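Hello,

Here is the structure I said I would pass on.

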Amino acid sequence: MEVIITKENQEVVASLNGRLDTPASLEIAPQMDSLKADAGGTVVLDCSQMSYISSSGLRLFLALRKAAAEKGGKVIVRNITDEVRSVFMMTGFLNLFEIQ
Amino acid sequence: MKQKDDVNASIFKRSSWTGLMLVLVAAITLEATSLVQYIFARKGLENEASNRAMTQLEATQYKIMDVIDQAEAAVRNSVWIAQWALTHTDSVQLISQRIVADNPVIVGSTMAFVPGYVPERPLFSPYAFWDADTLAFTSLATPEYDYPSQEWFVKPIELGTGYWSEPYVDTGGGEILMTTYSLPITDPETGKIAAVLTGDISLEWLSDLVGDIEIYPNATGIMVSRAGQWITNKGDDTASINKRARFLDQARNRADFKELQQAMLSGESGVRTLTFNKVKRTVYFAPVEKTGWSMCIAIPESDIYKNVKRVGFWVTLLQLLGLAMLIFILRALVRNQAKYSKLSERKKMMESELQIASNIQMAMIPKTFPPFPERHDLDMAASIDPAKEIGGDLYDFFIRDDKLFFCIGDVSGKGIPAALVMAVTRSVFRSVTTHEDRPGKIIAAMNNSMVDVNDNTMFVTFFCGVLDLKGGHLSYCNAGHNPPMILTDAIRTLPVEANLPLGIIKGFEYVEQETDLQNDDALFLYTDGLTEAENSEQRQFGVMRTKEALRGRKRSDLHLKNIQSEVKKFVGDAPQSDDLTMLFIHYLGKDGDSTTERTLTLTNKINEISKLAGFIDDIAESAHLDSGLASMLNLAIEEAVTNVVNYAYPEGKEGKIDITSTLQKGRLVFAICDSGKPFDPTKAPKADTQSSVEQRPIGGLGIHLVRNIMDTVNYEYKDGQNILTLTKAL
């Protein structure tokens, strides 16, 4: 699992590449936590290369989203795959994020 | 039910109380209103009576004054001629004559000389008067009459001015009640009073005038002279006079009457009340000027308030009618309300009792599906859907010695009796089948014991089958039930002997039949509630639609759901007329056993979870699953396993997790076993997927995902192992 964080214009974009299963969530947790620092602005999670997400991954997403809510920023989830979209649907996450 | 009735009684009582209070309030309001109205009306009538009486008294006074003035004027106007006559005594009679003749109000007149003024006639008083229609003459100078001592003669001389006498009965003339106006005539030469000139007026007329004040039917008008003489006519016998006389007779000695008289004589005007002979009278009085007389009108209260009484009578009558109607309506309402609340209470009671009965009934029949998750050779489902709260349909099944015993039945009739028979039937089925595995014998035994207990002429259509799961051999016996369907390559009706329903003829010989089921064959049993389900056009669902709905091979519970929704679609809004019970038995046979089984064993470390992906991929590949479903299965298993990794074993203790996947025909079964502490993840609370970002808890989604993805999630703790069984239809 690989996370690439870039800053483009006013946005912080984190590209998540690979399967975000339980071990992977543990692995990327520090990087996801670091994104909270930018949660006052706009954080984009590019999921085009993320084919799978488990509840551990969802926790990371939600934690970031909560930080953004606290700081008045927003989290955009971009390019989610059908599989991930189904999981978002089942868990009510579609309503929590701006999905692009 | 006793308590129930008490509750109802108290509801009824409460309603009655409310009603009674309502009537009371209405009555009080009405009465208060009419009391106020009555008081105002009385006041108004009182004022009106006062006004009318005073107006009448005033008008009468004017009339009297008119007469008095005319009489006075007539006398006064004759003063000059009287003075002239002092020296022409021959003409004295002419003066009286003229006064009487020219003035209609004057009934008699005289010029009475002071004794000795006319030397040749020491007493001289010629009197002219009306005797009926004739003008008559007489002399008052008689020793009997002795006019110089009469009041009308003495007073004016004494006072030196005109004087109205007290009323008196004229004895000299017409024997009538009269009063006299007398005016002293002065001799112009000596300045001394020489004579008294008089004019008499009839008090009969005046008295009638007052007495006829008919402002009320029973009003009485009377005059009183300044000496306190009540002027009533004598001799004349009219009702009016009698009335006055009666009034005076009754009142005369009463203190309040005397007080009234006093007030009248003092020249006041006012009002008093007199009560005698049980009649309360209001007496209005006013003085008659100049004469010192006074007149009064006594009006009985019954006259004054007659209208208010009459109106009051009607108002009260209307009010009573209104109240009666109100009471009537309220009673009806209260009764209805009580009836309805009674009914609805009863109904609720009934419903809850039926619910309990229904629950007990439902508890008797197996309804955990899949019923035999450990068996791979059988997939079955059943449903029962009573038309009323509680029904007479039943099914039952169990496995003994690798044989599936199953039955379906329909008790004639519905409701509680049917349900009781159903319960009996089921228990007889269970007791007979403990030692018997031939359906024919089972049914015969059941029939015999049911005939014995059946004194209600209820019968049961029943189908019983015994399926040998080892080879698919099916033996069955039908007792008047509609034949099941058998699903092989085609869907057809299982050939059955009709026989007779249970409970009719003791010793009836039931024919047992048999057939063989191939792997993947299925049986569909149902009650007539299915084929006879009617839509609003009275058309039945029928066998053809049933067969159509059974096409294809699905998991058995999905078959039943499908049929239920087809029936619902067909029936529409029409009420369900009969119980609907279905039993679907899918015999998987050796196909079920020959499924590929794979096992993955992990240790309780997070990183181990990554191995699941490859494991699931292999299964997906061999079962030809699409990647989406595979991904979902991966997720479900991962969540379940993560749960075990996190919670099953104590921190730092290594433990094993076995994941077994079984691919059966039509479904995948995963069993996740560990030897950790007993932990049932299915008991986890429902995850929150609705609330806002701030409120949304982090976590709790794992088991939620498992439940969402898999069709069934079952947990058991067995032989020191947590076993979580997850299935997914394919």
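From the N terminus on, the elements of chain A follow the order β-β-α-β-β-α-β-α-β. That makes three helices and six strands. Please keep in mind that this is a predicted model.

Of the 100 residues in chain A, 45% are buried. Among the contacts in chain A with a separation of 6 or more, 76% are between residues 24 or more positions apart.

Next, the interface. On the chain A side, 23 residues are in contact with 24 residues of chain B. Three helices of chain A, α1 (22-35), α2 (55-71) and α3 (82-91), each supply at least two residues of the side that touches chain B. The largest share comes from α2(A), with eight residues. By class, the side of chain A that touches chain B holds 10 nonpolar, six polar and seven charged residues.

One helix pair can be described in more detail. α3(A) packs against helix α17 of chain B (residues 627-647) at an angle of about 50°, and their axes are 10 Å apart. An angle between 35 and 65 degrees counts as oblique, so α3(A) and α17(B) are oblique to each other. The crossing of α3(A) past α17(B) is right-handed.

The residues that meet there are D82(A), E83(A), S86(A) and V87(A) from α3(A), and G628(B), S631(B), M632(B) and L635(B) from α17(B). This contact of α3(A) with α17(B) has three nonpolar, three polar and two charged residues.

Regards

Technical notes. Residues numbered from 1 in each chain as written. Chains lettered and ligands numbered in written order. Predicted model: local features only at pLDDT ≥ 70, side-chain atom pairs only at ≥ 80, totals over all residues. Helix = DSSP H or I, 4+ residues; strand = E, 2+ residues; numbered from the N terminus. Buried ≥ 20, exposed ≤ 12 C-beta atoms within 10 Å, placed from the backbone. Contact = placed C-beta atoms within 7 Å. Nonpolar A, V, L, I, M, F, W, Y, C, P; charged D, E, K, R; others polar. Axes fitted to C-alpha atoms, helices over the stretch in contact; angles between N-to-C directions. Parallel < 35°, antiparallel > 145°, perpendicular 65-115°, else oblique. Left-handed = near helix turned anticlockwise from the far one by under 90°.
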